[in-house]
Amino acid sequence: MRISYFPGCTLKNHAVNFDDSTIAACTRLGLEVKELDRWNCCGTVHGLAADDLIHRMAPITNLIRAKEAGADAFMTGCAMCYSTLKRANLHLRQNPEALSVVNGFLSLEQTDYRGDLDVLHLLELLRDRIGFEQLAARVERPLSGLRVACYYGCLLVRPREAAIDDSEQPRVMEDLMAALGATPVAFPLKTECCGAYQVVADPGIIAERTRRIMGSAASHGADLVVMSCPLCAYNLDDRQADARRLDPDLAPLPVFYFTQLMALALGCGEEVLRLERHRTDPRAPLTARGLL
Amino acid sequence: MSVPVRIYPERSRRGFVDQVEALSGQRLLACYQCGNCSAGCPMADHMELLPHQIIRLAQLGLGETLCGSRAIWACVSCLTCNGRCPKGVRIAEVIEAVREVVLRTNRRDDRLEVSALPAERLASLPPIALISAMRKLTS
Ligand code: SF4
Ligand code: SF4
Ligand code: SF4
Ligand code: SF4
């Protein structure tokens, strides 16, 4: 299967730890992931207004690029990119009229888009096309004893038509972590929104959200929190110090991308984890379990 | 004290209702005010009007109150409410429609001035944060 990999812009700067670990882990699994040529920013959010066709153009040009590359599937790890691309794709599949407007607008493209490419999140690809049992068989360094809280945020599980799992009780990341040998902990706030882009205009909102979400993970005994969205990671890791000003008792809790723990368990070298990118010290829990 | 309530919206109110219904693709009167949407809203602490109240005001065509509220900008389209509404109302789409009503006027009534952000904060923010904030808060 030929998979076109869409990293998204944040994985090329703030979240290189997500990008590098994704490629390293997929390569270990024998998945042929090829970064899409000439990809462009997906636009980050799906416009909710019924007439908002202009914001479908950016996601669709990426799907056109993938068609031109002869891909069988289109894959991304960023939860926001996934949602934006998936929902644009769904919208055009369900609205032939909108599809023809978009193709007309993109008339300088060599290829018309027909809505015939599947947009997959990496977690879906691992679960549905590889299988966690298969994946478990490839683990070289089981994450034994590591207590992991899996944070989904919003866009992996909402809206329902573009969700990779159950909206209220998802388990795909817990299943992945168990396959890697880690211990998923209960985490009631795993689908609670982190406040997203409000960090730009009103960081106080994020401090309050981060205090609640990370406080919940800590109180359930997590050593660390895994996620799939560079915006969640920025809010929950880089802004964690702001949350601690609201609540000095909030224990430092490191944040990882799920691909970093995959890479670690599959035997990749420490350099692909890019641990220097983390704000909250990521080493302590890994060293304590003899994983570094 | 009694407050007069007009049950039949005036023409201008009807215009606002039509605009919001068209932009959101929702039928506002489907909402029966159970409050489920507000109960789970993560931004409720930062809103002076809760999501179910936003829907109620939209039903009544009270566009000025809604367009001038802080709450419509606090909502981050997390879609928790949409998934829990027993009537299938897409509340997030309604709130986006109200934001669009504001942003589509020629007043350029933006809620974010990127160039006015402190340089230090601007440098630390990832593109995913800046782009989504600009998409949601500027015209
Ligand atoms: S969501 Fe972001 S990281 Fe993903 S491509 Fe779009 S702007 Fe970039
Ligand atoms: S950034 Fe926050 S708001 Fe967005 S998907 Fe991640 S959890 Fe949700
Ligand atoms: S959950 Fe639905 S029906 Fe209930 S108040 Fe909100 S919009 Fe109305
Ligand atoms: S979409 Fe907006 S109104 Fe609905 S729960 Fe999320 S923040 Fe609240």
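Predicted model: local features only at pLDDT ≥ 70, side-chain atom pairs only at ≥ 80, totals over all residues.
**Interface between chains A and B**

In the contact between the two chains, 42 residues of chain A meet 40 residues of chain B. Together the chains bury an area of about 3,300 Å², and 62% of that area comes from carbon and sulfur atoms. On the side of chain B, Leu79(B), Ile128(B) and Arg135(B) supply 20% of the area buried against chain A, more than any other three residues.

The model has five cavities of 30 Å³ or more.

| Space | Volume | Lining by class |
|---|---|---|
| Largest pocket | about 350 Å³ | five nonpolar, seven polar, five charged |
| Largest cavity | about 280 Å³ | 17 nonpolar, six polar, two charged |
| Second largest cavity | about 100 Å³ | nine nonpolar, four polar, one charged |

**Largest pocket**

The largest pocket has a volume of about 350 Å³. Its lining consists of 17 residues, and those closest to the centre are His46(A), His91(A), Glu161(A), Arg90(B) and Glu93(B). Helix α3 of chain A, residues 79-94, gives the largest share of this lining, with four residues.

The largest cavity holds about 280 Å³ of space. It is lined by 25 residues, of which Met80(A), Cys154(A), Leu155(A), Ala196(A) and Val76(B) are the closest to its centre. Two elements of chain A, α3 and α10 (230-238), each give two or more residues to the lining. The largest share, five residues, comes from α3(A).

This cavity is the space taken by ligand 2. The residues around ligand 2 include four from one stretch of chain A, Tyr151(A), Gly153(A), Cys154(A) and Leu155(A). Also around the ligand are Cys193(A), Cys194(A) and Ala196(A), together with Cys229(A), Leu231(A) and Cys232(A). By class, this shell has nine nonpolar residues, one polar residue and no charged residues. The lining of the largest cavity, in turn, includes two charged residues.

**Second largest cavity**

The second largest cavity has a volume of about 100 Å³. Among its 14 lining residues, Cys31(B), Cys34(B), Cys37(B), Cys85(B) and Ile91(B) are the closest to the centre. The elements that give two or more residues to this lining are α2 (36-39) and α3 (51-59) of chain B.

Technical notes. Residues numbered from 1 in each chain as written. Chains lettered and ligands numbered in written order. Heavy atoms only, no water. 1 Å grid on protein atoms, 1.4 Å probe; cavity = no way out; pocket = protein on both sides within 12 Å on 5 of 7 lines; lining within 4 Å. Points joined across faces, edges and corners; volume = space filled by probe spheres on them. Nonpolar A, V, L, I, M, F, W, Y, C, P; charged D, E, K, R; others polar. Near = heavy atom within 4 Å. Sits in = over half its atoms within 2 Å of the grid points. Contact = heavy atoms within 4.5 Å. Buried area = accessible area lost by both parts, 1.4 Å probe.
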